Amino acid sequence: MPRVEAEPYAFDFTVENTALLIIDMQRDFLEPGGFGAALGNDVSFLRRAIAPTSRLIAAARGAGMFVVHTREGHRADLADLPRAKRERGRFPTGIGDPGPMGRILVRGEPGHDIIPELYPADGEPVIDKPGKGAFYATDLHSILAYRGVERLIVCGVTTEVCVHTTVREANDRGYDCLVVEDCVGSYFPEFHEMGLRMIKAQGGIFGWVGSSANLIAAIQ
């Protein structure tokens, strides 16, 4: 059984019972002309995760590991968008409005799609989620259960929001989660650091934290 050095202690897994979950690596969040940048965020903090995530995906695919991608977004009619989510923040431009890459966080728009560097391969599921967590109002749990997945290797953005929410949801559903520290990112470095510390605290209250280099070595 492969073992990867991690915190708070080593993480054991098999290719057969583990899935690589890539969360919300979307153009609107990571590209310079996207919605995230339009809100005044420095997207370079997120883009640092692209290269190590690409290498990790290649290793996972080479080993035959199940790879799953998610996208946060809403129906074109916004029927799945709660009023509170749309109004919160009081931004001049919000979800559903025209943005730099089409309507913001609306499924099918260019900005909603996954960045070309990490685009899903044929046959890899893409979970369209209306909330922060990947399990809320999706069939992710059913897909993982069908394949006998018990452990998740988690990458994506942002560390303290969609990654953290998904790991917490997964924890409550009985999954062991390893968050790859250099394959997740936040617009706010201090939130990134604190988010990782919270996951591995108290003996791994939500999961493990490790590096892509150690994980790739273990997979190979």
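**A conversation about loops, rings and a pocket**

Reader: Where is Thr158 placed?

Author: In this predicted model, Thr158 sits in the loop that runs between β8 and α7.

Reader: And is the peptide bond from Val157 to Thr158 cis or trans?

Author: The bond from Val157 to Thr158 is cis, and omega is near -15 degrees. As background, most peptide bonds are trans.

Reader: Which residues does the other cis bond, with omega of about 10 degrees, join?

Author: That cis bond joins Glu7 and Pro8. Pro8 belongs to the loop between β1 and β2.

Reader: Staying with the backbone, what is the phi of Leu78?

Author: Leu78 is not a glycine, yet its phi is positive, at about 60 degrees. Most residues other than glycine have a negative phi. Leu78 is part of the loop between β4 (66–72) and α5.

Reader: Is Leu78 buried or exposed?

Author: Leu78 counts as buried because its relative accessibility is 14%, and the cut-off for buried is under 20%.

Reader: What about Gln202, where is that one found?

Author: Gln202 is in helix α8, which covers residues 189–204. Gln202 also has a positive phi, near 55 degrees, without being a glycine. With a relative accessibility of 71%, Gln202 counts as exposed.

Reader: New topic: how many aromatic pairs are there?

Author: The count is 5 aromatic pairs. Such a pair is described by the distance of the ring centres and the angle of the planes.

Reader: Why is the pair of Tyr9 and Trp208 called edge-to-face?

Author: The planes of Tyr9 and Trp208 stand at 80 degrees, with the ring centres 5.5 Å apart, so the pair is edge-to-face. The cut-off for that label is over 60 degrees.

Reader: Which residues form a cluster with Tyr9 and Trp208 through ring pairs?

Author: Phe11 and Phe13 are linked with Tyr9 and Trp208 into a cluster by ring pairs.

Reader: What kind of pair do Phe188 and Phe191 form?

Author: Phe188 and Phe191 form a tilted pair, with 50 degrees between the planes and 5.0 Å from centre to centre. Phe188 is partly exposed at 34% relative accessible area, and Phe191 is partly exposed at 39%.

Reader: Which charged residue lies over the face of Phe66?

Author: Arg147 lies over the face of Phe66, 3.9 Å from the ring centre.

Reader: How far apart in space are Leu20 and His74?

Author: Their C-alpha atoms are 24 Å apart, and the two residues are 54 residues apart in sequence.

Reader: What about Arg47 and Glu31?

Author: Arg47 and Glu31 are 16 residues apart along the chain, and 8.0 Å separates their C-alpha atoms. Arg47 belongs to helix α3 (residues 44–47) and is partly exposed, at 29% relative accessibility.

Reader: Last one: how much space lies in the largest pocket?

Author: The largest pocket holds about 600 Å³ of space. Of the 24 residues that line this pocket, Phe29, Phe35, Leu39, Phe91 and Lys132 are the closest to its centre. Two or more lining residues come from each of α2 (35–38), α5 (83–87) and α7 (159–172). The element giving the most to the lining is α7, with 3 residues.

Reader: What classes of residue make up the lining of that pocket?

Author: The lining of the largest pocket has 12 nonpolar, 5 polar and 7 charged residues.

Methods
Residues numbered from 1 in each chain as written. Predicted model: local features only at pLDDT ≥ 70, side-chain atom pairs only at ≥ 80, totals over all residues. Heavy atoms only, no water. 1 Å grid on protein atoms, 1.4 Å probe; cavity = no way out; pocket = protein on both sides within 12 Å on 5 of 7 lines; lining within 4 Å. Points joined across faces, edges and corners; volume = space filled by probe spheres on them. Helix = DSSP H or I, 4+ residues; strand = E, 2+ residues; numbered from the N terminus. Nonpolar A, V, L, I, M, F, W, Y, C, P; charged D, E, K, R; others polar. Phe/Tyr/Trp six-rings, centres within 6.5 Å; stacked < 30°, edge-to-face > 60°. Buried < 20%, exposed > 50% of the residue type's maximum accessible area, 1.4 Å probe, protein only. Lys NZ or Arg CZ within 6 Å of the ring centre and 35° of its normal.
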